[in-house]
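Trainee: I have a protein model open and would like to go through it with you. Could we start with the charged side chains and then move on to other things?

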Amino acid sequence: MNIVEIKNKLGNGCTVPYVVWCDDGKTYVVKFPGNPEGKRALVNEFVASKLCEYLELPIMEYKLINIKEENYDKIDKEDIKHIEGTAFGTLYDDKLLTILNAGMISRAQNSYDAIKTLIFDLLIGNYDRNKGNLMIHSISKKIIMIDHTHIFGLGTIWDKYQLPRFINEKFSVLYLHQFNYLNIMNSLKLNDIFYSELNKFIKKVKNIKKELVESIMNDIPSDWEVSNEEKKVLVDYIIGRFNRVDEIIELLNLKGDNNGKI
């Protein structure tokens with residue numbers, strides 16, 4: 001997919017995203033390979049989005065976008081380095097609103113996705129789920145997760161040397177932004193539907209196949225410069241932490257009683 005027109009910079013995010021119109025007729029929020037956080041930000045977004053798809057978590061439609069030198073005519077080189085290659089875009093929707101309190105979560109059409117989001121963030125080492133990236137759609141009333149540039153416990157500075165030590169890291173809610181964490185926990189309704197939804201999610205986490213994660217790594221664009229050794233370490237990180245999901249259930253006190261809830 002290619003860019004037709006760059007419209008405007010979006011907010012003050014550290015990756016300096018732009019609102020962009022593409023040749024599929026849709027508008028996307030695009031993060032460029034030359035963004036200040038580097039290509040690791042795009043790798044993180046891509047891997048997290050693929051995992052969210054597998055887990056059926058609520059994210060925006062996303063695309064890989066071809067970037068050419070002429071696409072940068074409206075972008076200052078001091079904001080973004082003019083690097084040709086592959087960018088990461090998520091569908092732009094001006095009807096997304098910031099979730100401000102637990103009530104907005106509990107009234108959402110997909111309210112049970114909130115706890116799944118929290119568990120996912122702990123699994124994937126996303127400690128940047130701040131006030132601005134857990135949203136609700138004003139029309140559909142669905143919770144939407146956005147922005148996964150800073151995951152794997154190290155954000156955009158992970159490498160094959162540092163990442164392995166985080167595989168067996170002790171899970172802790174203290175790493176999380178407390179605003180969304182508290183809103184999610186305060187929104188919970190621990191009824192039969194809740195445990196049914198949670199059980200299905202945990203089953204998917206536990207049943208993830210190494211081959212699936214490897215296929216995600218193989219789909220990472222080559223110009224994002226992730227080595228085969230780094231891909232292997234990412235696979236080990238994801239599989240290793242997903243296999244420990246029961247620790248998160250214990251941590252969040254979601255096990256319930258002895259009636260087969262979790």
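Mentor: Gladly, and let us begin with Lys9, which is partly exposed, having a relative accessible area of 38%. Please keep in mind throughout that this is a predicted model.

Trainee: OK, which side chain does Lys9 meet in a salt bridge?

Mentor: The partner of Lys9 is Asp79, and the distance in that salt bridge is 2.9 Å, taken from N to O. Lys9 belongs to strand β1 (residues 3-9), while Asp79 sits in the loop between β4 (62-67) and β5, so the pair ties together parts that are 70 residues apart in sequence.

Trainee: And Asp79, how accessible is that one?

Mentor: Asp79 has 23% relative accessibility and therefore counts as partly exposed, since the buried class ends under 20%.

Trainee: How many salt bridges does the structure hold?

Mentor: There are 19 salt bridges in the structure. Another one of them joins Glu61 and Lys26, whose closest N and O atoms are 3.2 Å apart. This pair too links distant parts of the chain, with Glu61 in the loop between α1 and β4 and Lys26 in the loop between β2 (18-22) and β3, 35 residues apart.

Trainee: Where do Glu61 and Lys26 fall, then, in terms of accessibility?

Mentor: Glu61 is partly exposed, with a relative accessible area of 29%, and Lys26 also counts as partly exposed, at 32% relative accessibility.

Trainee: What about Lys116, buried or exposed?

Mentor: Lys116 is buried, because its relative accessible area is 8% and buried means under 20%. You will find Lys116 in helix α3 (residues 113-124).

Trainee: Which residues is Lys116 in contact with, leaving aside its neighbours within four places in sequence?

Mentor: With those neighbours left aside, Lys116 is in contact with Leu57, Glu197 and Phe201. Lys116 also forms a salt bridge with Asp113, where the side chains meet at 3.3 Å, N to O. These two residues are three apart in helix α3, which means that about one helical turn separates them. Asp113 is buried, as is Lys116, and salt bridges that share partners join Asp113, Lys116, Glu197 and Lys200 into one network.

Trainee: Switching to rings now: how many aromatic pairs does a search of the whole structure find?

Mentor: The search finds nine aromatic pairs. In one of them, the rings of Phe32 and Tyr72 have centres 5.6 Å apart and planes at 50 degrees, so this pair is tilted. Phe32 lies in the loop between β3 and α1, and Tyr72 in the loop between β4 and β5, so the pair ties together parts that are 40 residues apart in sequence. Both Phe32 and Tyr72 are buried.

Trainee: What lines the largest cavity?

Mentor: The largest cavity, with about 50 Å³ of space, is lined by Leu118, Asp121, Arg129, Leu176, His177, Asn180, Tyr181 and Ile184. Two or more of these lining residues come from each of α3 and α4 (178-187), and α4 gives the most, with three. Four residues of this lining are nonpolar, two are polar and two are charged.

Terms used. Residues are numbered from 1 along each chain as its sequence is written. This is a predicted model: local features need pLDDT of at least 70, side-chain atom pairs count only at pLDDT 80 or more; totals for chains, interfaces and linings use all residues. Side-chain values use heavy atoms; hydrogens and water are left out. Helices (H or I, at least four residues) and strands (E, at least two) are DSSP runs, numbered from the N terminus. Buried means under 20% relative accessible area, exposed over 50%, partly exposed in between (1.4 Å probe, protein chains only). Contact means heavy atoms within 4.5 Å. A salt bridge is a side-chain nitrogen of Lys or Arg within 4 Å of a carboxyl oxygen of Asp or Glu. Rings of Phe, Tyr and Trp (its six-membered ring) pair if their centres lie within 6.5 Å; planes under 30 degrees apart count as stacked, over 60 as edge-to-face and the rest as tilted. On a 1 Å grid over the protein atoms alone, a cavity is a set of points where a 1.4 Å probe fits but cannot get out, and a pocket is an open set with protein on both sides within 12 Å along at least five of seven lines; lining residues have an atom within 4 Å of a point. Grid points are joined across faces, edges and corners, and a volume is the space filled by probe spheres set on the points. Ala, Val, Leu, Ile, Met, Phe, Trp, Tyr, Cys and Pro count as nonpolar, Asp, Glu, Lys and Arg as charged, and the others, Gly among them, as polar.
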